[in-house]
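Let's take a friendly walk through a protein model together. Have the sequence and the 3D view ready, and follow along one stop at a time.

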Amino acid sequence: KSSLTETWCKSRRKMSEQGIDFNFVYTGGIYNVVDCDFTNKSTYPHNFDLPTNFNFERLFGWKETTLFVYVLGNDGGVPNEKVGTAGRYRTIQGISNISAPNNWKLYEFWIEKNLLNDKLSFLLGLYDLNSEFDVRETSGIFINPSHGIKPDYSQSGKNGPSIFHNTSLAARFKFTPNENLYFLLGVFDGVPEDPNNPKSKHIILNKNDGVLISYEMGLSENRKYYYAGFGKYRLGAWYYTSKFEDLTEVNKNSNPRMRNDNFGVCILAEKFLFAEKDDSTLGPAAFLRFGVANPNINVIDYYWGSGITFTDLNETAGIPINKNETISELTYSLQVNSWLRIQPAYQNAIKPMVNYPHQTDNVLGTRIQIIF
């Protein structure tokens, strides 16, 4: 008799052959702020990811066309609310990259068409900017949000850009003239969902929202991540067409000047440093990222972050820094089997928030990920 696992795998393979690929991923983590006041500072954020890819060429004969549907469910507490005195002085950068308002929603829904032998692609729909923009393979293992899209970018706009956990309608163009070079251009609705309702599930289009224009170009050496010779170097920029209050005048009068120069620039680099003698896939890799945003509009006007990962130990360490606070993270990822991953982590937050300059918090956590 076939086991339940074998039956499940056969069914998925059959669906994949027909053009439908899907995953069900459960991710949860418990985090506790370690201090001496003996208060309960534990939280358990967790989420459900249900991405499905429809290959229209296999399904309907539409060449080089793909539909992507992603349902996202979030639940649990917010670790960041436990950092600082009574949670009043939270770290700007956050603690867990899966923390979000408790809600189920259609997170992404886009269609993509490839042209010119996959050198050119056009995408339209609900789209996560951070799925392609401001991404580093080397920092993907980290739990702290600042190792994903950086705060000089993620905290821009009136409700953030189109990233986790709020996405907006977008059009994305990608040109890859060869395997080592790419150009990305995205045009997004300037205000994803409803800023006044964190649990919003609606697409709201308002002419006053403007658009966010994102651009990135990248050059790579040896496209295989975690392999001798791997390297990637990128330059990115973004700009909002709508107007924003001038932060330098907000406290001076009740009618601050409005500005239309909300922009940012970032540079990114990551490199496989050297391989072990007997295996070219084992060894340390490092990443570095620096970004700036217009200080007259954005609370975070610059950020730099760096980190190192070791494939032989699955151990990582990184330090994201901005001018107001410092967060360091040490984590160890253990792939128990094909469907279970366990990842203990330690984070140290120094001077969370601008107005609490002497606080230092230590956060211990463990993340569990189950993939079906």
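**Cysteines, charges and a cavity**

Counting disulfides here (pairs of cysteine sulfur atoms within 2.5 Å) gives zero. A disulfide is a covalent bond between the sulfur atoms of two cysteines. Before going on, note that this is a predicted model, where local features need pLDDT of at least 70, side-chain atom pairs count only at pLDDT 80 or more, and totals for chains, interfaces and linings use all residues. Residues are numbered from 1 along each chain as its sequence is written, and side-chain values use heavy atoms, leaving out hydrogens and water.

Two cysteines to find are C9 and C266. With 33% relative accessibility, C9 is partly exposed, while C266 is buried at 4%. Buried means under 20% relative accessible area, exposed means over 50%, and partly exposed lies in between (1.4 Å probe, protein chains only).

Now for the charges. Side chains of opposite charge can pair when their charged atoms come close. The model holds 13 salt bridges, each one a side-chain nitrogen of Lys or Arg within 4 Å of a carboxyl oxygen of Asp or Glu. One of them joins R234 to E270, with the closest N and O atoms 2.5 Å apart. R234 sits in strand β11 (residues 231-240) and E270 in strand β14 (residues 262-272), so this pair ties together parts that are 36 residues apart in sequence. Strands (E, at least two residues) and helices (H or I, at least four) are DSSP runs, numbered from the N terminus. R234 is buried, at 6%, and E270 is buried too, at 1%.

Another salt bridge links K174 and E132, whose closest N and O atoms are 3.9 Å apart. K174 belongs to strand β8 (residues 168-178) and E132 to the loop between β7 (120-127) and α3 (151-154), so the pair ties together parts 42 residues apart in sequence. K174 is partly exposed at 26%, and E132 is partly exposed at 21%.

Where is empty space left? Rolling a probe the size of a water molecule over the atoms shows it. On a 1 Å grid over the protein atoms alone, a cavity is a set of points where a 1.4 Å probe fits but cannot get out. The structure holds one cavity of 30 Å³ or more. Residues lining the largest cavity (those with an atom within 4 Å of a point) include L126, D189 and I204.

Note on methods:
On a 1 Å grid over the protein atoms alone, a cavity is a set of points where a 1.4 Å probe fits but cannot get out, and a pocket is an open set with protein on both sides within 12 Å along at least five of seven lines; lining residues have an atom within 4 Å of a point. Grid points are joined across faces, edges and corners, and a volume is the space filled by probe spheres set on the points.
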